[in-house]
Amino acid sequence: MANETLFGSFNGQKALWLRFDKYEAALLPGVGANLIAFRDTEAGYRILREPAESEMEQFLESPAVYGIPVLFPPNRYKDGKFEVAGIQYNLPVNEEETGNHLHGFFTDNEWEVEEHGTNEQESYVVVKYEVDENDPIFKQLPHRFELRLRYSLSKNGLTQTSTVTNKGDKVLPCMLGFHTAFNAPFAQGGKREDVTVRITTGERWELDHRMLPTGRTIPMSEAEAAMKRPEGGWPYAEALDNHYSAAPVDGRNFCEVVDHRIGVKLVYDAGLKYKQWMVWNNGAEHGYFCPEPQINMVDAPNVDLPNETKGLVTLQPGEAWSETSCIYLEALQA
């Protein structure tokens with residue numbers, strides 16, 4: 001397979017394909033800059049949950065449960081209302097059952113491809129979305145700011161660098177997360193029973209009937225606690241739609257998926273600046289789950305906790321926030 005970046009198609013959608021060494025990935029600039037595929041072509045692994053051609057209509061209606069969707073702001077906000085630095089925000093209520101705003105504004109819009117290419121080290125693409133007074137998002141988030149993503153493939157796997165830049169004259173709440181959807185198992189012919197998962201979660205946050213944090217912590221179930229341990233636990237032992245603080249181990253904030261049948265570990269080094277996790281497995285009835293790194297706690301501006309605890313980050317005019325995440329494969333040590 002040639003090392004290259006080129007425009008093509010993914011199930012009828014315009015895609016930018018990255019290929020390097022044994023890996024390939026596809027990004028959809030017209031659907032929220034979703035990195036919809038990441039594959040090991042030699043082994044036949046499909047690491048991310050991809051929509052089949054027959055599922056494209058479903059994907060376009062609910063793009064947040066495939067690939068790596070961008071959430072800004074991530075998860076839920078009570079009645080869509082909150083205040084940061086003296087500015088009142090009124091986001092649309094788009095989840096009727098809870099009466100909350102869910103997952104922000106960037107999962108289905110078109111991003112600009114700023115740069116792409118291939119060199120001896122990598123194949124890469126840089127995409128961005130700029131919000132200003134002429135953008136519809138400005139009505140809900142009245143700031144001039146830019147989201148920028150750089151994805152690269154190398155012999156070491158996939159690297160994502162995310163940058164938020166405040167280009168306006170007001171303090172910007174920087175609330176970002178990713179609804180990363182992993183196939184587990186990711187190997188052809190694998191079974192759900194083949195996998196265990198470890199995630200560097202800390203405390204479990206209590207959520208109320210509207211799926212909003214109360215500010216209190218609650219004990220983990222045995223299945224949740226197992227996924228904190230080095231040997232990991234089964235991600236389908238029970239339905240998960242749970243919220244946690246991050247608790248890095250040996251200076252790393254990560255999720256690991258081990259397929260014991262093939263002796264391969266999938267590693268998601270999310271990065272230390274993501275202070276919170278959501279973990280969702282869609283009722284534990286399927287072969288995928290979502291370890292979702294977030295800068296901030298769900299509904300952070302409305303939670304009565306210190307900003308450091310709840311991960312509420314603000315950017316001064318001209319200030320930028322950036323973090324790098326990596327997804328790669330390792331052979332299990334004998």
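## Charges over aromatic rings

In this predicted model, arginine 192 lies over the face of tyrosine 236, at a distance of 4.4 Å from the centre of the ring.

## Aromatic pairs and a cluster

The structure holds 19 aromatic pairs. One of them joins phenylalanine 106 and phenylalanine 145 in an edge-to-face arrangement, with 6.3 Å from centre to centre and 75 degrees between the planes. Phenylalanine 106 belongs to the loop between strand S10 (100-102) and strand S11 (112-118), whereas phenylalanine 145 belongs to strand S13 (residues 145-154), so the pair ties together parts that are 39 residues apart in sequence.

Phenylalanine 106 has a relative accessible area of 0% and is therefore buried, and phenylalanine 145, with a relative accessible area of 1%, is buried as well. These two residues are also members of one aromatic cluster, which is formed by Phe72, Phe106, Trp111, Tyr129 and Phe145.

## The surroundings of isoleucine 47

Isoleucine 47 is found in the loop between strand S5 (45-46) and helix H1 (56-61), and it counts as buried because its relative accessibility is 0%. When its neighbours within four places in sequence are left aside, the residues in contact with isoleucine 47 are Phe38, Ala181, Phe182, Asn183, Phe186, Leu266, Ile327 and Leu329.

As a reference for distance, isoleucine 47 and glutamate 231 are 184 residues apart in sequence, and their C-alpha atoms are 21 Å apart in space.

## The largest pocket

The largest pocket contains about 590 Å³ of space. It is lined by 24 residues, of which Ala64, Asn94, Glu95, Leu102 and His103 are the closest to its centre.

Sorted by class, the lining of the largest pocket comprises eight nonpolar, eight polar and eight charged residues. Among the residues closest to the pocket centre are Glu95 and Ala64, of which glutamate counts as charged and alanine as nonpolar.

Conventions: Residues are numbered from 1 along each chain as its sequence is written. This is a predicted model: local features need pLDDT of at least 70, side-chain atom pairs count only at pLDDT 80 or more; totals for chains, interfaces and linings use all residues. Side-chain values use heavy atoms; hydrogens and water are left out. Helices (H or I, at least four residues) and strands (E, at least two) are DSSP runs, numbered from the N terminus. Buried means under 20% relative accessible area, exposed over 50%, partly exposed in between (1.4 Å probe, protein chains only). Contact means heavy atoms within 4.5 Å. Rings of Phe, Tyr and Trp (its six-membered ring) pair if their centres lie within 6.5 Å; planes under 30 degrees apart count as stacked, over 60 as edge-to-face and the rest as tilted. A charge sits over a ring if NZ of Lys or CZ of Arg is within 6 Å of the ring centre and within 35 degrees of the ring normal. On a 1 Å grid over the protein atoms alone, a cavity is a set of points where a 1.4 Å probe fits but cannot get out, and a pocket is an open set with protein on both sides within 12 Å along at least five of seven lines; lining residues have an atom within 4 Å of a point. Grid points are joined across faces, edges and corners, and a volume is the space filled by probe spheres set on the points.
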